[in-house]
There are 2 protein chains.
Amino acid sequence: MQRVTNCIVKDPTTNQVLMLKKPRRGWYVAPGGKMEPGEHIRESVMREYKEETGLTLQQPTLNGVFSFVIKDGNQTVQEWMMFTFYCENYTGNLLSTSPEGELEWVDLSEVMQKPMAEGDRRYFKHILSSNEVLYGTFTYTTDFTLLDVTLDPASP
Amino acid sequence: MQRVTNCIVKDPTTNQVLMLKKPRRGWYVAPGGKMEPGEHIRESVMREYKEETGLTLQQPTLNGVFSFVIKDGNQTVQEWMMFTFYCENYTGNLLSTSPEGELEWVDLSEVMQKPMAEGDRRYFKHILSSNEVLYGTFTYTTDFTLLDVTLDPASP
């Protein structure tokens, strides 16, 4: 089972959120990536965030744990998990080019207007407005149309 | 990849912790069990805890996320994850017999004296003394001798 860790970084001095624009669909995501065998989730997010952005996270906190189910018709073709951290402190300098897409500091007020996967919008909204951990399952088609979502708490 | 959710319940009125004594080795664990496809982790722990104990958890909080690596010599033969919740509120009546072992309310002062997997002792100690989420990787042999442990934070 694939496991992904990522982090929503908000810089409290500029009130901006660091996002990554993926080349394929132009969708914005929180930088992160796949866990490696034997890692724990905080090790993983520290490593992945550094690789993708150049920044070293300081004490990221786990604010979302999600199951993703990918369906082709009635058939589940994939299931994976994502662990989403939140962080307001970091060190280091932003990479000018990221291996995974275009890095962009986005004003907090504009985050929700960016194109992104429908489920991502739901957890971005929660994590940017609440400290309470969000649990959920997102069910998508193979071309990433959101079929179903269960969130706990249901709203931030 | 197998994923397990469990919960450490402490009753604040009696200062006792509900533990499950497994028949095979006589080791004590926090009740819980395997996640089902498509579940999110809080759904899973609510369902498993109810099945194993008869109790319904009220707002359990996620206090530990662990990777487990099982090694046979130099070979990794299994990797799984465990999500450990903590809860002080519940409803319902304790089952007189559990499908998985013997249920026992253990005085808080005696929890650390119970026989248990060496790694479990580490996270029990942390979760019973701190609200901070614990991240870690436990590496075991196939007969559950602890080979290595990485914890973050390193001590509660």
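In helix α2 of chain B, the buried residues are B:Gly119, B:Asp120, B:Arg121, B:Tyr123, B:Phe124, B:His126 and B:Ile127, where buried means under 20% relative accessible area, exposed over 50% and partly exposed in between (1.4 Å probe, protein chains only). The helix covers residues 118–127, and because 7 of its 10 residues are buried, it is largely enclosed by the rest of the structure. Helices (H or I, at least four residues) and strands (E, at least two) are DSSP runs numbered from the N terminus. The model is predicted, so local features need pLDDT of at least 70 and side-chain atom pairs count only at pLDDT 80 or more, whereas totals for chains, interfaces and linings use all residues. Residues are numbered from 1 along each chain as its sequence is written, chains are lettered from A and ligands numbered from 1 in the order in which they are written, and side-chain values use heavy atoms, with hydrogens and water left out.

Aromatic rings come next. Across all chains, the search of the whole structure gives 21 aromatic pairs; rings of Phe, Tyr and Trp (its six-membered ring) pair if their centres lie within 6.5 Å, and planes under 30 degrees apart count as stacked, over 60 as edge-to-face and the rest as tilted. The pair A:Phe68 and A:Trp80 is stacked, because the ring centres are 4.2 Å apart and the planes stand at 10 degrees. A:Phe68 belongs to strand β6 (residues 61–72) of chain A and A:Trp80 to strand β7 (residues 75–87) of chain A, so this pair ties together parts that are 12 residues apart in sequence. Both partners are shielded: A:Phe68 is buried at a relative accessible area of 2%, and A:Trp80 is buried at 12%. In chain B, B:Tyr123 and B:Phe124 also form a stacked pair, with 5.4 Å centre to centre and 15 degrees between the planes.

Ring pairs in chain A build a cluster whose members include A:Trp27, A:Phe66, A:Phe68 and A:Trp80. The charged end of A:Arg25 sits over the ring of A:Trp27, 4.8 Å from its centre; this requires CZ of Arg or NZ of Lys within 6 Å of the ring centre and within 35 degrees of the ring normal. In chain B, the charged end of B:Arg25 sits over the ring of B:Trp27, 4.8 Å from its centre.

Strand β6 of chain B (residues 61–72) has 9 of its 12 residues buried, so this strand is largely enclosed by the rest of the structure. Two strands pair if DSSP finds at least two bridges between them. With strand β7 (residues 75–87) of chain B, β6(B) pairs in the antiparallel sense over 11 bridges, and B:Thr61 stands opposite B:Tyr86. The hairpin of these strands has 2 residues between them, and B:Gly73 takes a positive phi near 65 degrees there.

Between the chains, 27 residues of chain B are in contact (heavy atoms within 4.5 Å) with 28 residues of chain A. The buried area, meaning the accessible area (1.4 Å probe) that two parts lose on being put together, summed over both, is about 2000 Å², with carbon and sulfur atoms giving 55%. B:His40, B:Arg42 and B:Tyr135 supply 29% of the area that chain B buries against chain A, more than any other three residues.
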